[in-house]
Amino acid sequence: RKLNDNNNINTNINMKTSSRSSSSRRKKGAKKMTIKKFRVQPKLSTTYEKDTIEKLMRAISDIHYLRGGEYSYEELYRSCQSLCTLNKGKLIYDKLYDLCDK
């Protein structure tokens with residue numbers, strides 16, 4: 001009987017250990033991230049397009065005349081990228097072509 005009692009004790013210990021390890025795995029799992037849409041659609045100012053194009057054209061003429069510009073290249077790139085996102089790429093190209101053609 002003592003032999004059987006010892007086997008039962010070992011079995012119970014092993015079962016408890018395995019249940020602990022499986023529950024700890026579940027706690028360490030990756031959390032899911034949810035991305036929600038904006039509640040209110042962001043709006044641009046009414047003069048954003050005009051102001052941004054003027055800023056880009058001033059920067060181009062500063063570059064051509066070897067003057068120090070007001071804006072960094074990163075800011076100019078971001079401005080151009082935002083206009084292209086708004087489907088104004090053709091407008092930027094036309095203005096740039098006209099300015100460089102002079």
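The following legends describe close-up views of a predicted model of a protein chain.

Figure 1. The protein chain has 102 residues, and 13% of them count as buried. Its accessible surface amounts to about 9,900 Å², with 54% of that area belonging to carbon and sulfur atoms. Among contacts in the protein chain with a separation of 6 or more, 57% join residues 24 or more positions apart.

**Figure 2. The packing of helix 2 against helix 3.** Two packed helices are described by the angle between their axes and the distance between the axes. Helix 2 covers residues 48-64 and helix 3 covers residues 73-85. Their axes lie 10 Å apart, and the helices pack at an angle of about 140 degrees. Because angles over 145 degrees count as roughly antiparallel and those from 65 to 115 degrees as roughly perpendicular, this angle makes helix 2 oblique to helix 3. The crossing of these two helices is left-handed. Helix 2 contributes Y48, E49, T52, I53, K55, L56, A59 and I63 to the contact, while helix 3 contributes Y73, E75, L76, S79, C80, S82 and L83. By class, the residues of this contact are nine nonpolar, three polar and three charged.

**Figure 3. T52 and S79, two residues at the contact of helix 2 with helix 3.** T52 is placed in helix 2, and S79 is placed in helix 3. Are these residues buried or exposed? A residue counts as buried when its relative accessible area is under 20%. T52 has a relative accessibility of 5% and therefore counts as buried. S79, with a relative accessible area of 7%, is buried as well. When residues up to four places away in sequence are not counted, T52 touches S79 and L83. With neighbours within four places in sequence likewise left aside, S79 is in contact with T52, K55 and L56.

**Figure 4. The packing of helix 2 against helix 4.** Helix 4 covers residues 89-101. Its axis and that of helix 2 come within 11 Å and cross at roughly 35 degrees. Which hand does the crossing of helix 2 and helix 4 have? The crossing is right-handed. On the side of helix 2, the residues of the contact are E49, I53, M57, I60, S61 and H64. On the side of helix 4, they meet L91, I92, K95, L96, L99 and C100. Divided by class, this contact has eight nonpolar, two polar and two charged residues.

**Figure 5. L96 of helix 4 and its partners in helix 2.** L96 lies in helix 4 and counts as partly exposed, at 33% relative accessibility. Apart from neighbours within four places in sequence, L96 is in contact with M57 and I60. L96 and M57 are 39 residues apart in sequence, and their C-alpha atoms are 7.3 Å apart in space.

Figure 6. Most residues other than glycine have a negative phi, and most peptide bonds are trans. N87 is found in the loop between helix 3 and helix 4. How accessible are these residues? A residue counts as exposed when its relative accessible area is over 50%. L66, at 76% relative accessibility, therefore counts as exposed. N87 is also exposed, with a relative accessible area of 70%.

**Figure 7. S72 in the loop between helix 2 and helix 3.** S72 is partly exposed, with a relative accessible area of 40%. Along the chain, S72 and A59 are 13 residues apart. A distance of 9.3 Å separates the C-alpha atoms of S72 and A59. A59 is one of the residues with which helix 2 makes its contact with helix 3.

Notes
Residues are numbered from 1 along each chain as its sequence is written. This is a predicted model: local features need pLDDT of at least 70, side-chain atom pairs count only at pLDDT 80 or more; totals for chains, interfaces and linings use all residues. Side-chain values use heavy atoms; hydrogens and water are left out. Axes are lines fitted to C-alpha atoms, for helices over the stretch in contact, and angles run from 0 to 180 degrees between N-to-C directions. Helices (H or I, at least four residues) and strands (E, at least two) are DSSP runs, numbered from the N terminus. Angles under 35 degrees count as roughly parallel, over 145 as roughly antiparallel, 65 to 115 as roughly perpendicular and the rest as oblique. A crossing is left-handed if the near helix is turned anticlockwise from the far one by less than a right angle, and right-handed if clockwise. Contact means heavy atoms within 4.5 Å. Ala, Val, Leu, Ile, Met, Phe, Trp, Tyr, Cys and Pro count as nonpolar, Asp, Glu, Lys and Arg as charged, and the others, Gly among them, as polar. Buried means under 20% relative accessible area, exposed over 50%, partly exposed in between (1.4 Å probe, protein chains only). Accessible areas come from the Shrake-Rupley method with a 1.4 Å probe; for residues, only the protein chains shown count as cover.
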